[in-house]
Amino acid sequence: MKIRELISEKAHGIFQARRALHRIPEKSFEEEKTSGFLARALEDLGLDVMTRVGRTGVVGTLVGRSPGPTVMIRADMDALPIQEETGLPYSSEHPGMMHACGHDANMAMVLGAAMVLSSMREDLRGSVKFVFQPAEEIASGAVEMIRQGVLENPKVDYALGAHLWPGIPEGSVGMRPGPLMAAMDRFDIEIIGRGGHGAMPHLCVDALDVGVQLVNALQRIVSRQMNPIDPAVVTVGTFQAGSAFNIIAERALLSGTTRTFRRDVWEGWEERIRGIVEGVCSSMGAGYKLSYTRGCPPLANDPGVTERLSKIAAKVVGDSRVVKPDPTMTGEDMAWYLERVPGCYFFLGVGKEGSAALHNSRFQFEEYVLLLGVEVFCRAVLDLTQSEA
C-alpha cells in the first residue's frame, strides 16, 4: 500500500508533467525543451543527472541504501510531424508537431516512477536508471545512447519500458514473452531510365514502368520466398515518377519498409531487396541507386522477467486485465536494449469505443492509466532488486 499511497500523492504532479510535455512536442534529435524539462525535474528529485547522452537524451540515476542490481526504465521523447486536432486545453504549442504516439505519456510514467522511488530510497537496494531517449520514431536514439554507455556505470541488469496501446482495453496491461514487435528497416530506390516523348516509347526506358514492375516483384518476396508460417511484410509506401501526361519518366523514386519477427530474415532483407532491384532494372535496361537503412531488430521480451512482471501487473490491475496481445508488425528501438539486457516491454491499454489510433491527429487517452503504469514500474523495480515493498 505504501507505493499506491505515494502514487496517489504524486498523481497531480504526474498529470501536470504529462501536460507540460504534451505542449512542447519536438522532432527526433531536436528534443531540447523536452530534455531540459526532464533534467530539471530529475535534479529536483535529488538524482544524479546526465544530459546530452545520445545527443539529446537524459539519464537520472537513483542509488539505493545498499548494493544490488540496476534496473533501467526507459521512455522515448520525440514527437511526430502531425497537426494536433484534439482540442485539449494543453494542446501542442508547436505548429505541425504533436505527441500523437503517446511519448508524452511514456515520459510521464517514467518520471512518475522516479518521483515515487526517490521517496523510497531507504527501502531500495541497487540502483534505478531513468532513461529518456531521443529519436525512437526514426529508430536511431537507442543505438546512440548505447554507444555513449547508457548500459554501463552502473551496469544495467534489467531493462523495462512501456507504451500506451489502443489495441487492448483501457486499464489493462499487455505483455508476452519472446517476440512482441517486429524488426523494422527502410529502403529508398531511385530508378534511372531514359526519358522522351510519350508517343515514342521505343526510344526510351520508362522509369515509371520499371517502378511498377519492381513494386510487383517486391511483393512476391513474401508470397514466394518466405515460409508462409513466418509473418513478414514488404511495403512500398511512396512512388513518385513523371512530370506530364505525354512525357515518359526518366526517374522514379520509391521508398518502403520491411518487417519480420525473425532475426535471420531481418539480417537477409537487404540482400533480397538488392537482388530484385538489380534483376528488374537490368532486365528492363534501367539503372538504379538503392539505399537500405537498418532500423532495429525484433523486440523480444525475456521469458523470466515477463513472467515476473505479469504477476506484478495482476496485483495492479487484476488477473483478468493482464492480457497477452498479439505480436505487432510495428517496430520499436527498445529492442536494442533488450538484445543486451534481459527485460520486458509491455503495453498499457487505452482502447475504448471511438478512441483514435496511434499516429492520429486526434489521439488522446484517459490520464488515470498513467498511474497504473507508474505502479507496475515501481513494483517491478522492487521485485527485480528484491527491495522492501
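In which strand is phenylalanine 239 found?

Modeller: Phenylalanine 239 is found in strand β10, which spans residues 232-241. Please bear in mind that this is a predicted model. With a relative accessible area of 34%, phenylalanine 239 is partly exposed. Together with Leu208 and Val212, Phe239 forms a nonpolar patch on the surface, and the three residues have about 210 Å² of accessible area together.

The pairing of β16 can be described strand by strand. With β5 it pairs in the parallel sense over eight bridges; within this pairing, alanine 159 stands opposite glycine 343, and glycine 161 has tyrosine 345 as its bridge partner. With strand β6 (residues 173-174), β16 pairs in the antiparallel sense over two bridges, and glycine 174 stands opposite phenylalanine 347. Tyr345 and Phe347 also belong to a cluster in which ring pairs link them with Trp165.

Strand β5 (residues 158-169) is itself mostly covered, nine of its twelve residues being buried. Strand β3 (residues 66-76) pairs with β5 in the parallel sense over four bridges, and glycine 161 in β5 is the bridge partner of arginine 74.

Arginine 74 also forms a salt bridge with aspartate 333, with the closest N and O atoms 2.8 Å apart. Since arginine 74 lies in strand β3 and aspartate 333 in the loop between β15 (322-323) and α8, the pair ties together parts that are 259 residues apart in sequence. Arginine 74 and aspartate 333 are both buried.

A search of the whole structure finds 26 salt bridges. One of them joins glutamate 93 to arginine 23, the closest N and O atoms being 4.0 Å apart. Glutamate 93 lies in the loop between β3 and α3 (103-118) and arginine 23 in helix α1 (residues 2-23), so this pair ties together parts 70 residues apart in sequence. Glutamate 93 is exposed, at 53% relative accessible area, whereas arginine 23 is partly exposed at 30%. Within helix α6, glutamate 267 forms a salt bridge with arginine 263, the closest N and O atoms being 2.9 Å apart; the two residues are four residues apart, about one turn of the helix. A network of salt bridges links Arg18, Arg19, Asp104 and Glu367.

Turning to the aromatic side chains, a search of the whole structure finds five aromatic pairs. Tryptophan 266 and tryptophan 336 form an edge-to-face pair, 6.0 Å centre to centre with 65° between the planes. This pair links distant parts of the chain, tryptophan 266 being in helix α6 (residues 263-283) and tryptophan 336 in helix α8 (residues 335-340), 70 residues apart. Both tryptophan 266 and tryptophan 336 are buried. The ring of tryptophan 266 also has the charged end of arginine 294 over it, 4.4 Å from its centre. Likewise, the charged end of arginine 55 sits over the ring of phenylalanine 29, 3.8 Å from its centre.

Technical notes
Residues numbered from 1 in each chain as written. Predicted model: local features only at pLDDT ≥ 70, side-chain atom pairs only at ≥ 80, totals over all residues. Heavy atoms only, no water. Phe/Tyr/Trp six-rings, centres within 6.5 Å; stacked < 30°, edge-to-face > 60°. Buried < 20%, exposed > 50% of the residue type's maximum accessible area, 1.4 Å probe, protein only. Lys NZ or Arg CZ within 6 Å of the ring centre and 35° of its normal. Pairing = 2+ DSSP bridges. Patch = residues over 30% accessible without salt bridge, like charges linked within 9 Å, V, L, I, M, F, W, Y side chains within 5 Å. Areas by Shrake-Rupley, 256 points an atom, 1.4 Å probe, with all protein chains shown as cover. Salt bridge = Lys/Arg side-chain N within 4 Å of Asp/Glu carboxyl O.
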